[in-house]
Amino acid sequence: MTNASGARPPLASILPTSARASDDGHLQIGGCDLVTLAAEYGTPLYIYDETTIRDICREYRHEFQGRLPQLRVLYAGKAYLSPALAAILAQEEMGLDIVSGGELHIARAGGFPPERMAFHGNNKSEAELGEALDAGLGRIMIDNDHELDLLERLVAQRGGKPSVMLRVTPGVDAETHVKTTTGLRDSKFGFPLDSGDAERAVERMLAADALDLTGFHIHLGSPIYKTEPYVDGIDVMTRFAADMRDRHDYTWREFSPGGGFAVGYTPDGLPPSIATYAETVANALHAACERHGLPLPEVHIEPGRSIVARAGVALYRVGSRKEIPGLRTYVALDGGMADNIRPAMYGSAYTALLANRVHDAAEETVTLAGRFCESGDVLVKDVALPRTQPGDLVAIPSSGAYNLAMESNYNLAQRPAVVFVQDGVARLTRRRQTYDDLLALDVLPEGSS
Ligand SMILES: Cc1ncc(COP(=O)(O)O)c(C=O)c1O
């Protein structure tokens, strides 16, 4: 973000790339003034910068494809999915990793082609697997033997030979939050390697010949701020691929090191660049394939968070204030854990700025609390801000991933509106929930209105 003097405050590295400050001190994204957007759509409001999303999709393709010519970039829809986003991703020639029939439905509503989707999850239902087969999904990721049973039965009924990848738990520590680490032996996801389960699944698939096993998949966790776990994962998986070739005459055609590429939530917690991740994965894979005499597989990467986190800004209005002398000042916002559970769930750190007074100097350190009935509903602890007044607008950068995806109606709050902005145009992609929406699923008692 540039200000009137042309200086670049460090927040620019975590705000959308189109973020600017107007002369009168308003934060602008995609050429749209956030003070105006708040007046028009209300708060809390989620604002997504389309340019940032498109630029990051292109950066992934450019950086990885330059080093790994056979490449697919699949956006992990669990980070945030809406028809509007699905349509942008389809235009950007991305693939899509989905984890439920619901995500399949939303993606299709945005016109996303099923053949570019891969279906993940540790407990896909028979109905969902049937929907995936009927829709002609590009890949189904096999997570466990139960799924193999279901799929073999469904394929026997329907015919065809769907393309599948085997999800393997490689026993690699991604050194991320315990609730979001997935590559360790003690994980609910995937076939363990060291127990021989992964090898037995390969044998079974080759013997049954009902499924086309294209290769292997790992996902180590999220967010992964170091590059070493990817190197370790590739090392383990190329050894496994070489073993499968030697013992079962099976040669992989595809490999996925998953997603998990990190983002900056605060200016002092920036991740490696996409180029650095790409260089790491490509170098490790080229070297390991050469070492084991394996062909270089087509590589599928699955970034979720890193495609949308930076593009999204959450906008709240300041309400009450509570000062506890010598201890802490709470400034309460009109959103909180119902639209962003991450601080309460993972202790995630964020920072904030005043969207209506960007040029004002910081005067005090406050804690930004949510409005929900939990003491843990704190969005930002200890942030330096100008002295806030009720009605001021607080913007929290890097809010685009896993906020709305994990939102709830806790305290029967209405879910916020979402706008996509670009070139000075704001497009409402989701309206704010109404009180009547809160009743939409209820069967009302007789006689009530
Ligand atoms: C299989 C798989 N791929 C990709 C991702 C995306 O991770 P991230 O959003 O950190 O890139 C996840 C997230 O949990 C996942 O489980």
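Two residues count as being in contact here if their C-beta atoms, placed from the backbone, lie within 7 Å. On that basis, take the contacts between residues at least 6 apart in sequence: 69% of these join residues at least 24 apart. The structure is a predicted model, and its protein is built from 12 helices and 21 strands. With a radius of gyration of 23 Å, close to the 22 Å given by the globule rule for 449 residues, the protein is as compact as a globular protein of that length. Along the principal axes, a box of roughly 70 × 60 × 45 Å holds the C-alpha atoms. As for burial, 47% of the 449 residues are buried.

The chain splits into two parts: domain 1 takes in 10-42 + 311-438, and domain 2 covers 51-306. Their C-alpha centres sit 33 Å apart. Where the two meet, domain 1 puts in 25 residues and domain 2 puts in 20 residues. On the domain 1 side, strand 20 (417-422) and strand 21 (425-430) each supply at least two residues, with strand 20 giving the largest share, three residues. By class, that side of domain 1 comes out as 14 nonpolar residues, 10 polar and one charged.

Then there is the ligand. It has 17 residues around it, and those that come nearest are Ala 76, Ser 222, Gly 259, Gly 304 and Arg 305. Sorted by class, the shell around the ligand holds eight polar residues, five nonpolar and four charged.

Conventions
Residues numbered from 1 in each chain as written. Predicted model: local features only at pLDDT ≥ 70, side-chain atom pairs only at ≥ 80, totals over all residues. Helix = DSSP H or I, 4+ residues; strand = E, 2+ residues; numbered from the N terminus. Rg over C-alpha atoms; globule rule 2.2 N^0.38 Å. Buried ≥ 20, exposed ≤ 12 C-beta atoms within 10 Å, placed from the backbone. Near = placed C-beta within 6 Å. Nonpolar A, V, L, I, M, F, W, Y, C, P; charged D, E, K, R; others polar. Domains from an automatic or database assignment.
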